[in-house]
Amino acid sequence: MPAEKPTKPVPSHEDLWVFGYGSLMWRPGFEFVEQVPARLIGEHRALCVYSFDHRGTPEKPGLVLGLDRGGACRGIAFRVTAARRGEVVDYLRGREQTTHVYREVMRSVWLENGAGERISALAYVVDRGHVQYAGRLSLQEQLRYVRQGHGRSGNNRDYVLETVRSIEAQGLRDPQLHHLALMLHNETPLHR
């Protein structure tokens with residue numbers, strides 16, 4: 001299945017903004033010229049995606065973040081020059097769309113840089129109809145999947161802890177993710 005195209009593509013002669021809310025915050029993996037704290041309204045960050053690739057396998061899934069409908073999410077908006085937009089979109093599709101669990105869309109994002117400017121940013125939103133959509137899991141279920149998860153990008157525990165560190169570095173908290181991180185913090189990782 002081909003990657004879904006952004007709903008409102010930004011003209012290729014303009015810079016591209018990318019909204020990061022999980023691992024993109026602490027490991028974007030692409031060249032950008034600016035990063036700004038940002039807020040997306042209408043979707044929230046949730047551990048709602050079974051990971052069959054980066055942080056787990058089909059036999060032992062991990063659990064990763066997705067933007068799920070409702071609420072709001074604070075993250076980071078990265079500005080990419082127009083000259084690099086094609087290579088960055090290709091990179092992101094290769095990274096985020098390995099199993100097509102996300103929809104690639106353009107969303108309104110408010111920059112939290114004092115001006116409160118509204119921009120259009122590329123974002124990856126969970127596809128609720130995909131087999132990897134986990135929905136709302138209890139904290140104990142999340143803990144179980146995170147403990148067992150290990151994929152080509154490493155163990156699931158590190159993914160959660162790095163994301164929490166990145167959220168804290170912005171002076172923010174994500175109560176459910178922070179609670180899970182506290183439960184994981186003093187554990188010995190299962191995989192190294």
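Predicted model: local features only at pLDDT ≥ 70, side-chain atom pairs only at ≥ 80, totals over all residues.
User: Which residues of H5 are buried?
Analyst: Within helix H5, which spans residues 175-185, the buried positions are Leu177, His178, Leu180, Ala181 and Leu184.

User: Why are they on the same side of H5?
Analyst: They cover an arc of only 160° around the axis, which places them on the same side of the helix. In general, an α-helix has 3.6 residues a turn, so residues three or four places apart point the same way.

User: And which exposed residues are on the face turned away?
Analyst: That face of H5 carries Pro175 and Leu182.

User: What covers the buried residues?
Analyst: The cover includes strands S2 (34-51) and S3 (62-80), together with helices H3 (139-148) and H4 (156-169).

User: Taking H3, at what angle do H3 and H5 pack?
Analyst: The angle is about 55°, and the axes lie 11 Å apart. H3 is therefore oblique to H5.

User: Which residues make that contact?
Analyst: H3 contributes Leu139, Gln140, Gln142, Leu143, Val146 and Arg147, while H5 contributes Gln176, His179, Leu180, Met183 and Leu184. Leu180 and Leu184 are also among the buried residues of H5.

User: Is the crossing of H3 and H5 left-handed or right-handed?
Analyst: The two helices cross in a right-handed sense.

User: Changing topic, how many residues has the largest nonpolar core?
Analyst: That core has 58 residues, and Val18 and Phe19 have the most contacts inside it. Strand S3 supplies its largest share, 9 residues.

User: What does Phe19 touch?
Analyst: Leaving aside residues up to four places away in sequence, Phe19 touches residues including Leu24, Leu40, Cys73, Ile76, Val109 and Leu122.

Notes. Residues numbered from 1 in each chain as written. Heavy atoms only, no water. Buried < 20%, exposed > 50% of the residue type's maximum accessible area, 1.4 Å probe, protein only. Helix = DSSP H or I, 4+ residues; strand = E, 2+ residues; numbered from the N terminus. Arc of directions from axis to C-beta. Contact = heavy atoms within 4.5 Å. Core = buried A, V, L, I, M, F, W, Y, C linked by side-chain atoms within 4.5 Å. Axes fitted to C-alpha atoms, helices over the stretch in contact; angles between N-to-C directions. Parallel < 35°, antiparallel > 145°, perpendicular 65-115°, else oblique. Left-handed = near helix turned anticlockwise from the far one by under 90°.
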